[in-house]
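Let's walk through this structure together, one step at a time. Have the sequence and the 3D view ready as you read.

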Amino acid sequence: MADQVLDKKEHSHHTGAPLIEPGHSYGSVTDKISSIVLTRKTPVAWFLGFSVAFLLLMVFLGSTAYLLMKGTGIWGLNVPVGWGFAIINFVWWIGIGHAGTLISAILLLLRQEWRTSINRFAEAMTLFAVAAAGMFPLLHMGRPWLFYWLMPYPNTMALWPQFRSPLVWDVFAVSTYATVSLLFWYVGLVPDFATLRDRTKNRWAQISYGILSMGWRGSAIHWHRYETAYLLLAGLATPLVISVHTVVSFDFAMGIIPGWHATIFPPYFVAGAIYAGFAMVLTLSIPLRKIYGLEDFITMRHLKNMAKVMLATGLIVAYGYMIEGFTAWYSGAEYEEFMILNRLTGPYKYVFWSLILCNVAVPQLIWFSKIQNSVVALFVVAMFVNVGMWLERFVIVVTSLHRDFLPSSWDMYSGTIWDWATYIGTIGLFLTLMFLFLRIMPAISIFEMRTLVTDDKKSKAE
Amino acid sequence: MKNGKQDSIDLAKQQSELQQMQGKQYWRSLEELSDTPEFREFVEREFPSSPFDGGDGLSRRHFLQLMGASMALAGLSACTRQPNEKIIPYVIAPEHIVPGEPLYFATAVTLGGYATGVLAESHDGRPVKLEGNPQHPASLGATDVFAQAAVLGLYDPERSKVVRHLGQIDTWENFLGALAGELASQTTSKGVGIRILTETVTSPTLANQIQSFLGDYPAAKWHQYEAVGRDSFKRGAQMAFGESVDCQYDFEKADVILSLDGDFLSQMPGSLVYARQFANRRKVAHDSHTMNRLYAVESSPTLAGTMADHRLTMKAGAVVDFAASVARKLGVDVRGSIESHSGDEQWLESVANDLKGHSGRCLVVPGEHQTAEVHYLAHAMNDALGNVGNTVSYTQPVEINPVVHAESLAELAGDMASGVVELLVVLAGNPVFDAPADLNFAELMAKVKTRVHLGMYEDDTAELCHWHIPQSHSLESWSDARSFDGTASIIQPLIAPLYATKTTHDILASLKNESGKSAHDLVKGTWQASHFGGNFDDFWQTSLHDGLVAGTQFASKSVRLRTGVHLDTAGATSGIEVVFRPDPHIWDGRFLNNGWLQELPKPLSKLTWDNAALMSPATAARLGLENEQVVSLTAGERSVQAPVWILPGHAADCVTLNFGYGRRRVGSVGKGCGSDVFPLRTSASPWIAADVNLEKTGEVVPLASTQDHGSMEGRNLVRSANLQELVQHPELIHDMGHDPDPSLTLYPEVEYPGYSWGMVVDLNVCTGCNTCTLACQSENNIAVVGKEEVLNGREMHWIRIDRYYEGETENPEALHQPVMCQHCENAPCEVVCPVAATTHSDEGLNEMTYNRCVGTRYCSNNCPYKVRRFNFYKYADFETESLKLLRNPDVTVRSRGVMEKCTYCVQRINLARIDAKKEGRDIRDGEILTACQQVCPTEAIVFGNINDADSKVVTLKADHRNYGMLTELGVKPRTSYLAKIKNPNPELVES
C-alpha cells in the first residue's frame with residue numbers, strides 16, 4: 001500500500017498541477033459531492049436544462065413514431081445512398097461512447113489517477129451515448145420490429161444470422177460493450193450508493209440507495225473483493241474499447257465501395273472514437289464544473305490532460321485521412337482515385353474541407369499553452385471536434401456511396417427534417433439521461449476522490 | 001299489461017320513488033319502474049334465474065355437477081350427424097383450366113389504329129400480362145411499351161365506369177332513348193346535322209358499321225382525327241403517286257440506310273419489325289462481319305439516331321433541303337423553290353455515294369413527323385435507287401378511309417362553326433385537348449346541340465359533351481384491326497367488361513338502332529360476310545387461336561412515281577424552331593393516367609412524370625437557360641410554358657416539345673403532370689413551328705430524371721469499337737478491361753452440377769426503347785413510386801437502361817446499356833446481409849427472400865451495379881380492388897421495408913422446370929424467356945444455361961465482343977455484355 005502511495009505522489013509531482021485543490025478533507029469531499037445529489041433544492045438551472053433536454057427527447061419520440069408509421073422513406077435515403085444520418089449518428093455516438101471506458105479502464109490499469117474525478121460521469125456519458133447510438137441501427141432498418149433476427153436464437157425457421165455480415169458482428173460488439181460498460185459503471189457506484197444511503201434523510205432515498213448499494217458496509221472484505229472485481233472488469237473492458245470501433249469500422253471496410261474498402265479503417269476509427277470521446281467529456285465537464293462549483297475536483301490539470309489526449313488522437317486521425325489519399329494514389333485504382341478527388345472537389349467538398357478545419361486545423365491550437373490554460377478555448381476546440389467527427393462520418397458514409405462505380409446511378413443525398421429531428425432527438429435522449437444522472441447519482445466518485453485527499457495530506461506531512 | 005289497469009302502474013308512486021333514488025338509476029320501462037309482482041314474474045319467465053343463483057351461493061358440489069354436465073353435453077354435440085348434403089368437387093374442370101396455370105389467348109392491341117398481335121397471359125380469367133405474338137407479322141414476339149402498359153390501363157381504378165348525362169350518372173337505356181330522339185329529328189334531313197368523329201380506323205367491322213350508317217343518313221359525315229396522325233405520309237404519298245398507299249420497308253435487305261429526321265425503331269407502324277430487321281443486320285459474330293450502315297439526320301434526337309453510324313443534326317426545317325440535295329445527287333429531278341443544303345458537303349457527298357453504291361440494297365426512310373415534301377423526296381430517292389420492290393414495297397392503305405386528319409377535323413370545325421352540326425358523336429379520342437389550337441375546338445363544341453363522347457376516361461372532351469359513355473378496354477371487347485402490312489387480327493376479350501362499358505361497335509349499333517347486336521356478333525358477321533369457301537367455324541377458331549386472319553396481308557402493288565412535282569417549301573429560318581413530337585410514353589395524352597408509362601424514364605432524357613422543352617447544350621447556353629427553368633414559347637398570339645431540359649445531341653436553335661402532358665381533366669395519377677403544349681400546335685404547323693419566341697419566366701419546376709450523370713468518366717462500362725478495328729484486332733474488346741486471374745482466390749471454385757443460369761445483352765442492337773423495363777414491371781409486380789420519390793432517387797425498376805454520352809456535347813454518341821441484377825458469382829450483397837435474406841442458389845442465382853429481409857440496405861450499398869431497389873415506403877397498393885387483379889400471382893408483392901431486385905424471372909425458370917420434370921427431360925435452350933428478353937424487339941437479351949455447351953448464351957459468351965462489366969472487382973457477374981460496334985463510312989472517318 002505504501003509503495004502505491006509513493007508512486008502516486010511521485011506521479012503527481014511529476015506532472016505539477018494538483019489533482020484536487022488544497023484544503024480538502026475526507027469530509028469536505030464527501031459533503032461537496034453528495035450534497036449535489038442529496039440537496040432538497042434542485043437548482044433552477046437543472047430544471048431549465050432538463051426541460052430543454054426533455055423537449056428534445058419528445059422530438060425523438062415524435063419522429064420515431066412517425067418513422068415507424070411511415071417507413072424509412074421519411075429520411076433522405078435513396079439508391080445509391082442507402083445509409084445516411086442514421087449510420088452517421090450511430091458511429092458518432094458510439095465514438096463518443098469510447099472515452100468513458102477508456103478513462104475508467106485503460107487509465108485505471110495505467111494508474112493514471114487523474115482520471116478519478118472525471119471517470120464516473122465519463123462512464124455515464126458512455127452508457128448514454130451507447131444508448132443513443134443503439135437507437136439508430138434499430139430505427140434505420142426497413143422493418144425494425146424484426147431486429148431480433150440479427151441475434152442467434154433458436155427459432156422455428158431454423159436459421160442463424162448470417163455470421164459473415166459485419167452487421168452481425170456489430171450486434172455482438174455493441175451489446176457486449178454496453179453490458180460491460182454498464183457493469184463497470186455500476187460496480188464503481190456501489191460504495192458511493194452506500195455513502196448516499198447513509199447520509200440521506202429521505203426514507204425513499206434510503207431504501208432506493210440501500211437496494212442499489214447491495215448491502216455495502218465498507219468492510220475490509222468488501223473493499224478487497226471490490227478492488228478485485230473492479231480490476232477484472234477494467235481488464236475486460238479494455239479490449240472492448242479497441243474492439244467495438246474496430247468492428248464498427250468493419251461495417252465499411254468489409255464493403256467493396258471505394259472510400260470504405262480500406263485496411264487503415266480499424267485503427268483510424270478507434271483513434272477517431274477516442275478523439276470524439278475526449279472532446280465530448282471536455283464539452284460536458286467544462287460546464288459541469290462551473291455550474292456545480294467542482295473546480296476543485298476537476299482541475300485545470302484534468303482539462304489539459306484531456307486536451308493532450310485529444311491532440312494526440314486527432315493527429316492519428318489526420319494521419320488516417322492522409323493515408324486514405326495516399327492509398328488511393330498508390331493503388332492506381334481508378335475508382336479509388338476518383339473517390340478521393342470527389343471528396344476533395346466534388347459536390348460535397350465543403351463538407352470535407354469543413355471536416356479538415358474542425359478535425360485537423362483547429363485542434364492544433366492545443367499546442368499553445370495559452371489555449372491549454374483557457375477553459376473557454378478548450379470548450380470551443382472540443383465543440384469543433386464534436387462537429388468535425390460528425391462530418392467525418394458524413395464524408396465516409398455519404399460521399400463514398402453517392403458516386404460509386406456506375407455513373408448512371410450517381411445521386412445526391414441530404415438529410416430531411418426527420419433526419420435532423422431524429423438526430424437532435426437522440427441528443428435529447430442523451431442529455432435527459434445525463435441530467436437525471438446528475439440529479440440522483442454522484443457525478444464524481446466520492447470514495448476515489450478521498451484517496452486523493454489522503455495523498456495530499458501525506459505529502460504535506462512530509 | 002294494459003294502460004287501463006290502475007293498480008299496475010302508479011305514476012305518482014313512481015315519481016316519488018324516482019326522487020328517493022340516489023345516484024344514476026336506469027329504468028327500461030314504466031313496468032320495471034313500478035316493480036309490480038306481474039313484472040317480476042314476467043322477468044323470471046323471460047330470463048330464468050341462473051342455476052348458480054342458489055340462495056347460498058355457488059357450492060363446490062354444485063359447480064362440479066354443472067361442469068360435468070356441460071362437458072358431457074359438449075362431447076355429445078360432436079356426435080350429431082351432419083346433414084347429408086352433396087357438394088360437387090372440381091373433378092370435371094372447365095375446359096383448359098388448370099388452377100394456377102396461366103392460359104394464353106391471342107388478341108391484338110392498337111395504337112394509332114395499327115394493330116400489334118399479342119398473347120395475353122390470363123390467370124383464372126384475368127389478363128395480367130401481354131406478350132408479343134410470335135406469329136403476328138407486326139410483333140414477331142415483341143411488343144412496344146404501350147402494349148406492356150395496356151393491362152394497367154385495363155385495371156386503372158380511375159377509368160370511366162358509368163354513363164353520364166350533363167355530368168350526372170345516368171343509364172345506357174336513357175342514352176339510347178335520347179339518341180333515338182336525336183336521330184328521329186334527323187331522319188328527314190338525311191342526317192345533315194350528324195357528325196361522327198373517330199380516330200384512325202383500320203377495323204373492317206367498324207368501317208362497315210359507319211358506312212352502313214352513312215347509307216341510312218347520306219348527309220351525315222364521318223371525320224377522323226388523331227393528334228399523332230400520318231398526315232405527312234399521306235400527303236407525301238399523294239404527291240408522289242397521286243393515290244393513297246401504304247409503304248413497308250425491309251431493313252433486312254438494306255445495307256445502307258438514310259433516316260431523315262424520324263425514328264423507324266419506334267413510333268412508326270411496323271417499327272417492331274423494322275427494329276428486328278435492322279438488328280439482324282447488326283449482330284456481328286465471330287464468323288459474320290456483315291453489318292449495315294445507318295446515316296441519321298435529325299433535329300430532335302431519336303433512338304434511331306443513337307444507333308446511327310453517322311449522325312448529323314440540323315433544324316427540322318432544314319431537313320427538306322438536305323433531302324433535296326441528296327436527291328439531286330441521286331439524280332432525282334427536284335423542282336420548286338427548294339434550296340440546297342449548305343454545309344457538311346463531305347457528309348452529304350458520302351451519303352449519296354454510299355446510297356448510290358448500294359442501289360437496290362439501300363433505303364431512305366422519312367420521319368413520320370417531317371413534312372410531306374420530305375416524304376415525297378424519300379419516295380423519289382427510293383425510286384431512283386431502285387429500292388422499290390427490294391427494300392420498299394407499296395400496298396393499298398391500311399387505314400380504311402385514309403383522309404388527311406388535319407383537313408378532316410378542319411372541315412368538321414367549319415361545320416360546327418357554321419352551326420350545321422346538331423349531333424356530334426366523338427368515338428374515343430380527346431379533340432378538345434389535342435385538336436390544333438387554331439380550330440378553337442372547345443369553343444366550337446358549344447355550338448353543337450347534342451354532343452356524345454365515348455371514352456376510357458372522363459376527359460376534357462367528356463366534360464364538354466352532354467353524354468359520356470364509358471368505353472371498354474380492348475382487352476374487354478370484341479373488335480378487329482389491321483396491322484402495318486394489312487394483316488387483320490380479331491380482337492377478342494380476355495375478360496368480361498369490369499364495368500358497364502361500351503365499345504365503338506355498340507355505339508354504332510345503337511346509331512343504327514340495332515343496339516341488341518353485340519360486338520361479337522358484329523365482328524363475326526363482318527368476317528362471315530367476307531368468308532368464301534371452307535368451314536367458317538374452323539376459320540373463325542383458327543383466326544382467334546392464331547391471333548391473325550391468315551392471308552389478309554396486303555399484296556404489294558406497283559406504283560408510278562410522279563416526276564416533276566413542284567415542291568414549295570420555306571426551309572429553315574434563323575429563329576428558334578419548335579418541333580412537336582408525341583411524348584414517347586404518354587403518346588398524345590391518352591396514357592396520362594398510366595403510372596407505369598409515367599414513371600418509365602423517357603429515352604435519352606430519362607425524365608419521368610413530365611415533359612419539357614428539350615434543347616441542345618449550346619442553345620441553352622446561348623439563351624442563358626438551365627435545366628428546370630420554365631420558359632414561355634410564343635408564336636403569334638399563342639403561348640405555352642414548359643421547363644427546360646438540356647439534351648445533348650439536339651439540333652441547335654431548335655426546341656422539342658413532347659405533347660400529351662398537361663391535360664386538365666385526368667385522374668389522380670396524371671394530375672398536375674407536365675405542361676400542355678398543344679396551344680402552340682396549329683393545323684398549319686403540326687410538327688414544325690418556325691420562329692418561335694422564347695423567354696425565361698423566372699419560374700423553376702423540378703424535373704424527375706432517373707439518371708443525373710451522362711458521362712462514363714472514362715470507365716470501360718460500355719465498350720465500343722469500330723467494325724474495322726474489331727476485324728483487325730479480334731481481342732480488342734477483351735483488352736479494354738483487366739479481368740483478374742480466376743486462380744487468385746483461396747477458395748475452391750463453386751461447382752454447379754445442374755443448371756447454371758446466365759445472360760448476355762447485346763449492346764450493339766439495344767435501341768434503348770425501354771420496353772424491357774416495362775415488361776419487367778408488369779411481370780414482377782413492381783410498384784410505381786411517383787414523381788416525388790423519383791426525385792428522391794427511389795424508382796423501383798429492376799432493369800434500367802443506362803444512357804451514356806461520348807464525344808462532343810452537340811452531337812455525342814449515345815450508348816444504351818440495360819442493367820439488371822448481374823447475379824454475381826461472388827456476390828458482394830450476399831456476404832453483408834446480416835440475416836441471410838439474399839443468398840446464392842445452387843443454379844447460380846442470387847436470390848432474394850423478401851420474408852427474411854429486415855431492410856438494413858447494406859446489400860444495396862455494397863452492390864457495385866446499384867441494381868437493388870428498396871421499399872422505403874409501402875409503395876405497393878394493397879387496397880385498390882381492381883389493382884389486385886393486375887398482379888402476377890407467381891410473384892410476391894413486396895411490402896414496406898424490404899429490398900428487391902431482378903430475379904432472372906425465377907418464376908419462369910421454375911415453370912419451365914416443372915414442365916421439364918413432368919416430361920422427364922432437361923429444360924431446353926430457349927424454353928425460358930425472361931420477361932425482358934421476351935419483349936425485346938431486337939432480341940438483344942439472351943438467357944440460358946451456361947452449363948449447356950450448345951446453348952445460345954454460351955455461344956454468345958464465347959464471342960469476341962463479350963465482356964463483363966466491373967469484372968475487375970472479382971464479383972464474377974453472370975450477365976455479360978456484347979460490345980457496341982459501329983460501322984462508319986471510311987470516307988467520313990478519314991475526313
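Two residues are in contact if their C-beta atoms, placed from the backbone, lie within 7 Å. Helices (H or I, at least four residues) and strands (E, at least two) are DSSP runs, numbered from the N terminus. The model is predicted: local features need pLDDT of at least 70, side-chain atom pairs count only at pLDDT 80 or more, and totals for chains, interfaces and linings use all residues. Residues are numbered from 1 along each chain as its sequence is written, while chains are lettered from A and ligands numbered from 1 in the order in which they are written.

Start with a pair of helices in chain A. Phe193(A), Leu196(A) and Arg197(A) of α7(A) meet Gln206(A), Tyr209(A), Gly210(A) and Leu212(A) of α8(A). The helices pack at about 155 degrees, with axes 8 Å apart; here axes are lines fitted to C-alpha atoms, for helices over the stretch in contact, and angles run from 0 to 180 degrees between N-to-C directions. α7(A) and α8(A) are therefore roughly antiparallel, a word for angles over 145 degrees.

Now look at where the chains touch. Chain A gives 40 residues to the contact and chain B gives 42 residues. On the side of chain A, α7 (166-199) and α12 (334-345) each supply at least two residues, and the largest share, three residues, comes from α7(A).

Finally, turn to chain B, where domain bounds come from an automatic or database domain assignment. The C-alpha centres of domain 3 of chain B and domain 4 of chain B lie 36 Å apart. Seven residues of domain 3 of chain B are in contact with eight residues of domain 4 of chain B.

Notes:
Angles under 35 degrees count as roughly parallel, over 145 as roughly antiparallel, 65 to 115 as roughly perpendicular and the rest as oblique.
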